[in-house]
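Please read the points below with the structure open beside you.

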Amino acid sequence: MAQKPLSNIPPQDSGNLTASACGTTRISVLLPMPFAGPFDYRAPADMDLQPGDIVVAPLGKRQETGVVWDATSTLPADLAPPVTEKKVDASRLRPIVCRLDLPPLSAELRQFIDWVAAYTLTPPGMVLAMTLRLHMRAAPTPTMGWAMAEHPALETLRLTPARQKVLDLLADGNHRTTTDITNATGVSAGVVKGLANAGVLRPVSLGPERPFGQPDAHYNPPVLEGAQQSAAVALRQTVAENRFSVTLLEGVTGSGKTEIYLEAIAACLEQGKQALILLPEIALSAQWMERFSRRFGVQPAVWHSEIGQRARRLTWLGAADGSASVIVGARSALFLPFHHLGLIIVDEEHEALFKQEEGVIYNARDMAVVRGRLARFPVVVVSATPSLETLANVEAGRYRHLVLPTRHGGAELPETRVLDLRDHPPPRGLFLSPELVEDIGATLERREQVMLFLNRRGYAPLTLCRSCGHRMECPHCTAWLVEHRNRKVLSCHYCDHTEPMPPTCPQCGSEHSLTAIGPGIERITEEARQLFPDARVLVMSSDTLGGPAATAEAVAKISRRDVDLIIGTQIVAKGWHFPHLTLVGVVDADLGLGGADLRAGERTIQLLHQVAGRAGRASSPGRVILQSYAPEHPVMQALLSGDFDAFMQQEAAQRKPGFWPPYGRLAALIVSADTAVAADEAAAQLGRTAPYGEGIQVLGPAPAPLAVLRGRHRRRLLLRTHRNIAVQPILRRWLGMVNLARNAKVDVDIDPVSFL
Ligand code: ADP
Ligand code: ZN
Ligand code: ZN
């Protein structure tokens, strides 16, 4: 969608206050709830209200926080929902209760919220709810916190690992509450108290006013070389232009992309504006935070779902009053009420994690571009393996393109080999080919680190009865149960169903007949431990790493070389920098190529390239071994040759003729109901009323690959149009025509990423 020209947005509306003859002032207020639009209220005579003001309004018997909204829409015609004129009589309007003492939402943000709502076919209040995601009426929060003592008696301190964590955290000079400290480090409150008693921490009062350090653009600039230098100059210029543009910063892993976009942030700070960096998994970004403070002298403000209430409030206010000049966050940070945002960076722009799949279904990468366009500032999207959407925008001249062709400091890209498992099969019941095992052994002998990658949690993806063939399935989903041997359970990866491993086959009653089929990382870990009993093994998956603190600790261990063999799921593929890691083994390179996903090939190559990029990031060269049963597959061939461009050109050539994205538009309708019959009935109704016409096509209905999910029966339809036909008006008309049973529901997913 990022390509969509956002034409004809009229200049900002002057306001929405209309005084009527009898002296009441009608205002509309958007409440953060799934209503079709704003409601009308009366502004009491003594209350001077402007669009954007955050107010408390009566709703039934309750009072709700909402925002004074614009009376007229500023949306382009093809997005604007139809207007329904049904004005409540002025005499019946209820008065606003009060205005909250909070910075008002800017016209740009209000426009953005309306735009996202219209584009995703979501009630605008649901989008507003992403902006108002805190207790707006809460009193200012605790004011007692901790700082390092002026002269901490460190020599005499008994330094436990827990205490060290606290000291590391506070070393940046910021003041924090006990809760902030325990959240960030995972230590108990007792540890903090102990440090205070030992005179290492001193109590400080935390004024809520200026909790954020000011990043210093000139604190520690890097020395840039060749292509880095010219990319940085170009990006700085882009920021200095001070208008909307999108730039793709592309470069192989380790080429210095982060270093370069930090320069764009420096340029933005020099202009006195705020910058936002979106990362796909902010909770995993300890190394990133460190780099930021090395460059700018302080930590940035952080925004994601796991920061505490106090941090949430401070960051929100810091965004709104401009005192938080740099915010790094997950996709939801896009809806913060920035005071003067001047730049958004979307790092790893190809990541599917930028797509929110529940509630408001939106892609943060694309909506970042929309926000930049509406508020007229530059957006930079960053990747080693850009999405086809972004590449198509570059090709069409809509996006600028900066390329860093080589790794920093002469480090070479890893040498890749595809190991044909048909020629080099693992021993029966095992999953590592002897060739790979030999290579791991030799690498460990050289005291270098090895990483084994398998994107599957648990012990085995399928449990099968050898006597009767029964497969252990989730009772609520169309999915196999995954064995987690460490926890001795079978668990569904699509809902929260978990059950103990049954002692006998539930179908035929045979004993000892249930067999694990296929590997998950627990099983690979078991195999690796047997092969390399002396290696120090670290398992990295969401099961073993509880939160940001545990992840940071794991990463620190790897950097300190306290680990020889790392075994992990996609967590290990993130942008980590492990200088002593020289061999990466991909246990099942074919995983992810099956299935009906439009982007299966693209996804696989992006993920595997990212994993491979962990190897050989310093002076020793790295190697990557991909175990595959399909070495001739274009994905394997592209990983071998390193010719990502050629692969993407092939992808483009395959998608163009059928008008698949990005060469056409796509929307998915997911019909769900509590019975299969009801789901079929609803899907059939949508099928009968499906739109048609030149450049418009509806595929389906068909059972979704996850035909049952959490007990709901699911059917899918796809609406595909030529690029010049917007799907929103078509969908509005279509959905307006059907009359679904009460237990059936349709979810609309514009620009779908998941096809489950
Ligand atoms: P990418 O984001 O492209 O993977 P990074 O920005 O993480 O690359 O750079 C890889 C490594 O090289 C990092 O440790 C980074 O600090 C270092 N590096 C990159 N460019 C420079 C530079 N000009 N000077 C010093 N170190 C650099
Ligand atoms: Zn059986
Ligand atoms: Zn389930």
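1. How many residues of domain 1 are in contact with residues of domain 5? Nine residues of domain 1 touch seven residues of domain 5, where contact means heavy atoms within 4.5 Å. The model is predicted, so local features need pLDDT of at least 70 and side-chain atom pairs pLDDT 80 or more, while totals for chains, interfaces and linings use all residues. Residues are numbered from 1 along each chain, and side-chain values use heavy atoms, without hydrogens and water.

2. Domain 1 spans 26-133 and domain 5 spans 659-750; such bounds come from an automatic or database domain assignment. The C-alpha centres of these two domains are 30 Å apart.

3. Between them, domain 1 and domain 5 bury about 680 Å², with 62% of it on carbon and sulfur atoms. Buried area is the accessible area (1.4 Å probe) that two parts lose on being put together, summed over both. D78, Y119 and L121 supply 69% of the area that domain 1 buries against domain 5.

4. Zero salt bridges are found across this interface. The rule asks for a side-chain nitrogen of Lys or Arg within 4 Å of a carboxyl oxygen of Asp or Glu.

5. The zinc ion (ligand 3) is coordinated by the SG atoms of C474, C477, C492 and C495, at 2.3 to 2.4 Å. Donors here are N, O and S atoms within 2.8 Å of the metal (3.2 Å for Na, K and Ca); water is not among the atoms, so sites may look incomplete. Along the chain the donors follow the spacing C-x2-C-x14-C-x2-C.

Methods: Chains are lettered from A and ligands numbered from 1 in the order in which they are written.
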